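This report looks at the aromatic rings of one protein model and at how they pair.

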Amino acid sequence: MQVDALDRIIKNAIDVMESSKYQIFEICENVRSERSALNNELQEVMDETRKTIDMVDHIELEYRRARIRLTEVSRDFKRFKEEDIRTAYEFATQMQTQLAMYREKELHLKARRDDLAKRIKNVDKQLERAEAVVSQVNVVLEYLSGDLNQVTRLLESAKNRQLLGLKIILAQEEERKRIAREIHDGLAQTMANVVLRTEIAERMLTKQAYASVKEELMDLKGQVRGGIEEVRKIIFNLRPMALDDLGLIPALRKFVQDFEEKSKINTQFEFSGKETRLPSGMEVAIYRLVQEAFSNVVKHAQASHVALEVTYRQQMVKIMVSDNGVGFHVDSIDKKIEKGSHYGIMGMRERVELLEGRMEILSTKGAGTKVSMLIPIKLDSKED
């Protein structure tokens, strides 16, 4: 009867969440429609702004010519009559009025453009939040929609593993968002700026301002190089190319050097044994383990020195990460992990277990931390 009652509760929860999910879908669609309308309006405003800028340039040129003409007829009373002077004056005044009007229109359009850009940014944040909620609801529904007995067994026998699985899925979504933000805030902005600069250079070429064109092109070249560097950083964060091209040890050396430059923490890397290539999956797993260990040092250790020791043996890889940070009581961390926190250490243990290895943490309050991992190398895995 308790199982039936629990089953009914879960079914009711699923119904409510399904209904809520569709409501969130509707919100997402409305937000997407609003974003599409704003994007169309922004494009129209940008086109109108571009036309207005061109018109300002044209009227400004006509106004300069009108002023020159007015100066000429005003100085030579013998050649030009009073009617010519009045006509030149009226035309110059008309050009001045149109120039002021179009400049005002240009300022208004630019303000409108900036306002639309801000609104689109806010709408993107709303859409990102709604999509994140949908993703989280889908994850929960997957767990609730499974067999009740299986869910119960999992809750009783592998609670931490379930929490870790949920955390991994959410972390994947966060990683996708981070990459999207990096591309949007970095590379996409750079490319947009490159397009704008090329338009400016084209306009300067039309005016034969070659010195200014040269400066623009030099600046443009620097921006393109910065964009290339941004792409390389994104690619390296996704998967270091050195890991595939050169192997685990060179990739770890590069990671340690970059970590020291970025974190300003003194680092040390030592390797012993015969350097050989490991199976691709194992190299990636070990690399991620070291990444997570160093990330924990930055977040929690308050250390000034961290060392990485990697030892290759015939059938075993040993990884040791040690720091001189504040340390902690290992028993208290284990209790927190049981309550569903400290996913970093939990994730490291799960990775090591998947590799059929073992991990040991030695730490004392105020005396630093040592994380030791032993990972077996099977002969059949080398074949794979």
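Rings of Phe, Tyr and Trp (its six-membered ring) are taken as a pair if their centres lie within 6.5 Å; planes over 60 degrees apart make the pair edge-to-face. The model is a predicted one. By this rule, 5 aromatic pairs are counted.

F259 counts as buried, at 10% relative accessibility. F294 also counts as buried, at 0% relative accessibility.

Another pair is formed by F271 and Y312: the ring centres are 5.2 Å apart and the planes stand at 85°, so this pair is edge-to-face. Here the partners lie in strands, F271 in β1 (residues 266-272) and Y312 in β2 (residues 305-312), so the pair ties together parts that are 41 residues apart in sequence. F271 is partly exposed, with a relative accessible area of 23%, whereas Y312 is buried, with a relative accessible area of 6%.

The table lists the accessibility of these residues.

| Residue | Relative accessible area | Class |
|---|---|---|
| F259 | 10% | buried |
| F294 | 0% | buried |
| F271 | 23% | partly exposed |
| Y312 | 6% | buried |

Which residues do ring pairs link into a cluster? The cluster consists of F255, F259, Y287 and F294.

Conventions
Residues numbered from 1 in each chain as written. Predicted model: local features only at pLDDT ≥ 70, side-chain atom pairs only at ≥ 80, totals over all residues. Heavy atoms only, no water. Phe/Tyr/Trp six-rings, centres within 6.5 Å; stacked < 30°, edge-to-face > 60°. Buried < 20%, exposed > 50% of the residue type's maximum accessible area, 1.4 Å probe, protein only. Helix = DSSP H or I, 4+ residues; strand = E, 2+ residues; numbered from the N terminus.
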